[in-house]
Amino acid sequence: MAALKSRWHWSAAEAERAPLPVGRRSAEILAHGSLEVRWYAPKGTDPQTPHERDEIYIVARGRGHFVRGAERIAVAAGDLLFVPARTGHRFEQFSEDFATWVAFWGPMGGERENPFA
């Protein structure tokens, strides 16, 4: 995995070909300090559970709906989504070509209290 960590530019096509580690649903693309960028392209359903760090998604292609807590919104390529640490979230009713960049950063539990709780 060291080769992945030394690159600073990735296209969506390259990210899509990155290997999925055993037991993971996303491929690690970049790691730097506390920043971890991954490529996530769920198929069928999105079984995510809350994560321990803050994260953002940048939808790379496709469309669907995003559920965060009690909120549900339509999303499409180009949209950016913020999810505070420990907040339930998932994608629903997404197109077959759906894929997103996801970036995690900061300490476990998030950088500060959840502003949306």
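User: What share of the contacts in the protein chain between residues at least 6 apart in sequence join residues at least 24 apart?

Analyst: The share is 59%, where contact means heavy atoms within 4.5 Å. This is a predicted model, in which local features need pLDDT of at least 70, side-chain atom pairs count only at pLDDT 80 or more, and totals for chains, interfaces and linings use all residues. Residues are numbered from 1 along each chain as its sequence is written, and side-chain values use heavy atoms, with hydrogens and water left out.

User: What makes up the secondary structure of the protein chain, and in which order?

Analyst: There are two helices and eight strands, in the order α-α-β-β-β-β-β-β-β-β from the N terminus. Helices (H or I, at least four residues) and strands (E, at least two) are DSSP runs, numbered from the N terminus.

User: Why does the radius of gyration of the protein chain agree with a compact globule?

Analyst: The globule rule is 2.2 Å times the number of residues to the power 0.38, and the radius is taken over C-alpha atoms. For 117 residues a compact globule would have a radius near 13 Å; the protein chain has 14 Å, and therefore the two agree. Along the principal axes, the C-alpha atoms fill a box of roughly 40 × 35 × 25 Å.

User: Why is Phe 82 called partly exposed?

Analyst: Buried means under 20% relative accessible area, exposed over 50%, and partly exposed in between (1.4 Å probe, protein chains only). Phe 82 has 27%, so Phe 82 is partly exposed. Trp 105, at 22%, also counts as partly exposed. Of the 117 residues of the protein chain, 38% count as buried.

User: Why do Phe 82 and Trp 105 count as a tilted aromatic pair?

Analyst: Rings of Phe, Tyr and Trp (its six-membered ring) pair if their centres lie within 6.5 Å; planes under 30 degrees apart count as stacked, over 60 as edge-to-face and the rest as tilted. By this rule there are seven aromatic pairs. For Phe 82 and Trp 105 the centres are 6.2 Å apart and the planes are at 40°, so the pair is tilted. Phe 82 lies in strand β6 (residues 80–83) and Trp 105 in strand β8 (residues 99–105), 23 residues apart, and the pair links distant parts of the chain.

User: How do you know that Phe 91 and Phe 98 form a tilted pair?

Analyst: The distance is 4.8 Å centre to centre and the angle between the planes is 50°, so the pair is tilted by the same rule. Phe 91 and Phe 98 are both buried. Ring pairs link Phe 91 and Phe 98 with Tyr 57, Phe 66 and Phe 94 into a cluster.
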